[in-house]
Amino acid sequence: MNSKNLAGQPHIAYRGDELFMEDVSLSALAQQHGTPLFVYSKAAMLDALSAYQRGFAGREVQICYAMKANSTLGVIQVFAQAGCGFDVVSLGELTRVLAAGGQARKVIFSGVGKKRAEMRAALQAGIGCFNVESEAELDVLSEVAQEMGMRAPVSIRVNPNVDPQTHPYISTGLKGNKFGIAHERVVHTYQRAAALPGLNVRGIDCHIGSQITQASPYLDAMDRMLDLVQAIETAGVPLHHIDLGGGLGINYNGETPPQADQLWAQLLAKLDARGYGKRALMIEPGRSLVGNAGVCLTEVLYLKPGEQKNFLIVDAAMNDLPRPAMYQAYHQIVPVKPRSTESQTWDVVGPICESGDWIGHDRQLNAQPGDLLGVLSAGAYCMSMSSNYNTRNRAAEVLVDGAQTHLIRDRETYADQMRQEHLSTAP
Ligand code: LLP
């Protein structure tokens, strides 16, 4: 059978005249579950993970999936079963990890605004490490742990001040960002942390940004991290691990980020050269593990040709796929069953009452009402950032595993949406 892969999407391909994910017809899935529908390839996730595992062969490394990228239980479960830890940023995320069978001791808790109740619950659960983002947070965490008769394992997030050369909203390691401890205060902060009775200093961490498509910002960050490790240890505070965060980009539109194993070959060479080759490592990848594993299927509702623009109105919208509206992000849009006639230029837009509700500008497509389109690279930061804006139900999600499919999230209902609301008087 004729099979044609799509760039950057090894598990999605045309077989004959139809788009498949692994061995499953996407139009059959849409027929069964309706649209918009998110569909994920388990093999794509495990392949992305194995690129990291190959890169780290023979080293002591904990891969903590940054589950903010996609926090659906059925996705977390894939990584938990593969032995991953998790980078969480709320008690909600920790609750999901535990519900999906993940191990608390492999969890690291990041984020600038942890509440006392979240710290308490995470200590109770026995998480592996807190990534602390400010001096004030160190004091509070120490207090909370002491009240519980415990010592909280901590790593301090430092701000290495390197430019990840990505969208400004997703750069996190520059001086002007709210994240991490400024370079010049790091040693002082470690000394403070080491003196606090409720803390057990374990490591150092950084995260410089997201959708990074070059190796150089990582190499710079690693250099600065190692300078800091040296300074911190010289000041008398030993460190168990180095956590270099996440951020590796994916191919949305022809980007060519380094493969995880190639990137880490360079980073490990640097570690070895500087004498830190035996140090325990952690990483927090999100997008690069799930982004290209997902597609969002959407049905064409109307064609609305115009004088200046042609609009192709589909049933997915910015509440399902918020990245274009938020970051001017590009997602490839492809027909599930291509038509042979000539294509035209369309803006693909959703039904939401905002001009910002677009999914793709100026796309060459040939589609008719009732046709299905696939919005690609929709595994990361789509469902996890979705909303109910315009009282739209959140989409269903399906996990594909070879020829098998698992419905991992039911389509939301209006009753689900209204469940927590109350009228103030009888209607
Ligand atoms: N660790 C920390 C502390 C983070 O803040 C993040 C992402 C990650 C790890 C994972 O980064 P990744 O490997 O996924 O790049 N919503 C945006 C992306 C925001 C990323 C926020 N932090 C988007 O859709 O592009």
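Predicted model: local features only at pLDDT ≥ 70, side-chain atom pairs only at ≥ 80, totals over all residues.
Colleague: Let's start with the overall layout. Which parts of the chain make up domain 1 and domain 2?

Modeller: Domain 1 comes in two pieces, 4-41 and 291-418, while domain 2 covers 110-285. Their centres, taken over C-alpha atoms, are 35 Å apart.

Colleague: How do you know that domain 1 and domain 2 are in contact?

Modeller: Contact asks for heavy atoms within 4.5 Å. On that test, 14 residues of domain 1 are in contact with eight residues of domain 2. The two domains bury about 860 Å² between them, and 52% of that is on carbon and sulfur atoms.

Colleague: Which helix gives the largest share of the side of domain 1 that touches domain 2?

Modeller: That is helix α11 (residues 323-327), with three residues. By class, this side of domain 1 has five nonpolar, eight polar and one charged residues.

Colleague: And how many salt bridges and polar contacts link domain 1 and domain 2?

Modeller: The count of salt bridges between them is zero. For polar contacts, the rule finds one residue pair across the interface.

Colleague: Fine, now look inside the chain. What makes Asp261 and Arg54 a salt bridge?

Modeller: The rule wants a side-chain nitrogen of Lys or Arg within 4 Å of a carboxyl oxygen of Asp or Glu. The N to O distance for Asp261 and Arg54 is 3.2 Å, so the pair qualifies. Asp261 sits in helix α9 (residues 260-273) and Arg54 in helix α2 (residues 42-55), 207 residues apart, so the pair links distant parts of the chain. By this rule the count comes to 22 salt bridges.

Colleague: Good. Over to the ligand: which residues are closest to it?

Modeller: The closest are Ser210, Gly247, Glu284, Arg323 and Tyr381, and 17 residues surround the ligand.

Colleague: Last topic, the backbone. What makes Pro36 and Asn161 worth a look?

Modeller: Most residues other than glycine have a negative phi, and most peptide bonds are trans. The bond from Thr35 to Pro36 is cis, with omega near -10°, and Pro36 is in the loop between α1 (26-33) and β5 (37-41). Asn161 has a positive phi, near 55°, and lies in the loop between β10 (152-159) and β11 (181-182).

Key:
Residues numbered from 1 in each chain as written. Heavy atoms only, no water. Domains from an automatic or database assignment. Buried area = accessible area lost by both parts, 1.4 Å probe. Polar contact = N/O pair within 3.5 Å; in protein donor to acceptor, adjacent residues only side chain to side chain. Helix = DSSP H or I, 4+ residues; strand = E, 2+ residues; numbered from the N terminus. Nonpolar A, V, L, I, M, F, W, Y, C, P; charged D, E, K, R; others polar. Near = heavy atom within 4 Å.
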